[in-house]
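Open the model in your viewer and keep the selection tool ready.

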Amino acid sequence: MTLAEKLQRTLQTEIPLTSDMGIRVASYDGKLLQLMAPLAPNINHKCTAFGGSLYALAVSCGWGMVYLKLEEAGLHRHIVIQEADIKYLLPVDAELQAECRFDEAAWQKFMHTLIKHGKARIKLDVVIVHQGKPAVAFAGSYVVYG
């Protein structure tokens, strides 16, 4: 089973909302995680993506990146969102596409703290892209412990 497949299974079993939203792992190459979700189950009264769905997709994308990097390191820890900031820049009226890029320097600092203290926090940026443009900008702080 690939890491992407393992993340897909974990999202569906541990965060059931992701199944209801139709979130799927589109790709992961070690540096970029892309999650997708269909518009239909995430639509609002204006026939665009519901803000809560966009938020949940962005949170899941950042969470997924942390999960994958911990898996690569052979660590199994608890991951929770602690703080988030989101900006809705454009309406999304097609399939939802979230992207989280890996920051090696931030990860190294995070891992040092995690190993030393058993708990650490990392801030990740997620962008939801629509027609090649950023439609949502999300910054989330994730805490890992346990």
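**Stop one: helix 1 on helix 3**

Select helix 1 (residues 3–14) and helix 3: their axes come within 10 Å and cross at roughly 125°. Axes here are lines fitted to C-alpha atoms, for helices over the stretch in contact, with angles from 0 to 180 degrees between N-to-C directions. Helices (H or I, at least four residues) and strands (E, at least two) are DSSP runs numbered from the N terminus. The angle makes helix 1 oblique to helix 3. Under 35 degrees counts as roughly parallel, over 145 as roughly antiparallel, 65 to 115 as roughly perpendicular, and the rest as oblique.

This is a predicted model: local features need pLDDT of at least 70, side-chain atom pairs count only at pLDDT 80 or more, and totals for chains, interfaces and linings use all residues. Residues are numbered from 1 along each chain as its sequence is written, and side-chain values use heavy atoms, with hydrogens and water left out.

Now show side chains. Helix 1 brings Leu3, Ala4, Lys6, Leu7, Thr10 and Leu11 to the contact, and helix 3 brings Trp63, Gly64, Tyr67, Leu68, Glu71 and Glu72. Contact means heavy atoms within 4.5 Å. By class, the residues of this contact are seven nonpolar, two polar and three charged. Ala, Val, Leu, Ile, Met, Phe, Trp, Tyr, Cys and Pro count as nonpolar, Asp, Glu, Lys and Arg as charged, and the others, Gly among them, as polar.

**Stop two: helix 3 on helix 4**

Pick Val66, Lys69 and Leu70 in helix 3; they meet Trp107, Phe110 and Leu114 in helix 4. This contact has five nonpolar, no polar and one charged residues.

**Stop three: the cavity**

Which residues line the largest cavity? Select Met65, Val66, Lys69, Phe102, Asp103, Trp107, Ile122 and Leu124. About 40 Å³ of space lies inside the largest cavity. On a 1 Å grid over the protein atoms alone, a cavity is a set of points where a 1.4 Å probe fits but cannot get out; a pocket is an open set with protein on both sides within 12 Å along at least five of seven lines; lining residues have an atom within 4 Å of a point. Points are joined across faces, edges and corners, and a volume is the space filled by probe spheres set on them. Helix 3 gives the largest share of the cavity lining, three residues.

**Stop four: the pocket**

Finish at the largest pocket, with a volume of about 160 Å³. Select Glu99, Cys100, Arg101, Asp103, Ala106, Ile122, Lys123, Leu124, Asp125, Val126 and Val127 to see the lining. Strand 5 supplies the largest share, six residues. The pocket lining has six nonpolar, no polar and five charged residues.
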